[in-house]
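Here are a few exercises to work through with the structure open beside you. Try each task before you read its solution.

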Amino acid sequence: SGFLILVHSNFLGAILGSYYISTFFRNCQYKQAQGSLNTYLTAVASLVLLQASALAVLPSERALFLSGLVASFCSFLGALSMLVTVPAVLSSS
């Protein structure tokens, strides 16, 4: 099924990402970066809770559709995140 393909293809990334985040959090001494990470993790936990709730309440077809929407939205935000540094680059040149 399409859902299992998504789970299997992202499993290693989830493990490595979790390791990266835990290592960053243990070694980061900059309080602003830790605050940003906490905000990010809160948003991720909200999305996971939304998907788990949808899986429990909605029919599986609708829950899978919502899961795809969340994944697409996260991909879009990931691509958009590269633009965060543009104002700093423009002001320094």
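Helices here are DSSP runs of H or I with at least four residues, numbered from the N terminus. Keep in mind that this is a predicted model.

**Exercise 1. Which secondary structure elements does the protein chain have, and in what pattern?**

Start by counting: the chain has four helices and zero strands. Then read along the sequence, which gives α-α-α-α.

**Exercise 2. Compare the radius of gyration of the protein chain with that of a compact globule.**

For 93 residues, a compact globule would come near 12 Å, but this chain has 17 Å. Next, take the box along the principal axes: the C-alpha atoms fill roughly 50 × 30 × 25 Å. Finally, turn to burial, where 8% of the 93 residues count as buried.

**Exercise 3. Where on the chain does the nonpolar surface patch lie?**

First list its members: Phe 73, Phe 76, Leu 77, Leu 80, Leu 83, Val 86 and Leu 90, which together have about 670 Å² of accessible area. Now assign them to elements. Both α3 (60-80) and α4 (86-92) supply at least two residues each, and α3 gives the largest share, with four. Leu 83 sits in the loop between these two helices.

**Exercise 4. Cys 28 and Cys 74: buried, partly exposed or exposed?**

The cut-offs are under 20% relative accessible area for buried and over 50% for exposed. Cys 28 has 14%, so this residue is buried. Cys 74 has 37% and is therefore partly exposed.

Definitions and conventions. Residues numbered from 1 in each chain as written. Predicted model: local features only at pLDDT ≥ 70, side-chain atom pairs only at ≥ 80, totals over all residues. Heavy atoms only, no water. Buried < 20%, exposed > 50% of the residue type's maximum accessible area, 1.4 Å probe, protein only. Rg over C-alpha atoms; globule rule 2.2 N^0.38 Å. Patch = residues over 30% accessible without salt bridge, like charges linked within 9 Å, V, L, I, M, F, W, Y side chains within 5 Å. Areas by Shrake-Rupley, 256 points an atom, 1.4 Å probe, with all protein chains shown as cover. Salt bridge = Lys/Arg side-chain N within 4 Å of Asp/Glu carboxyl O.
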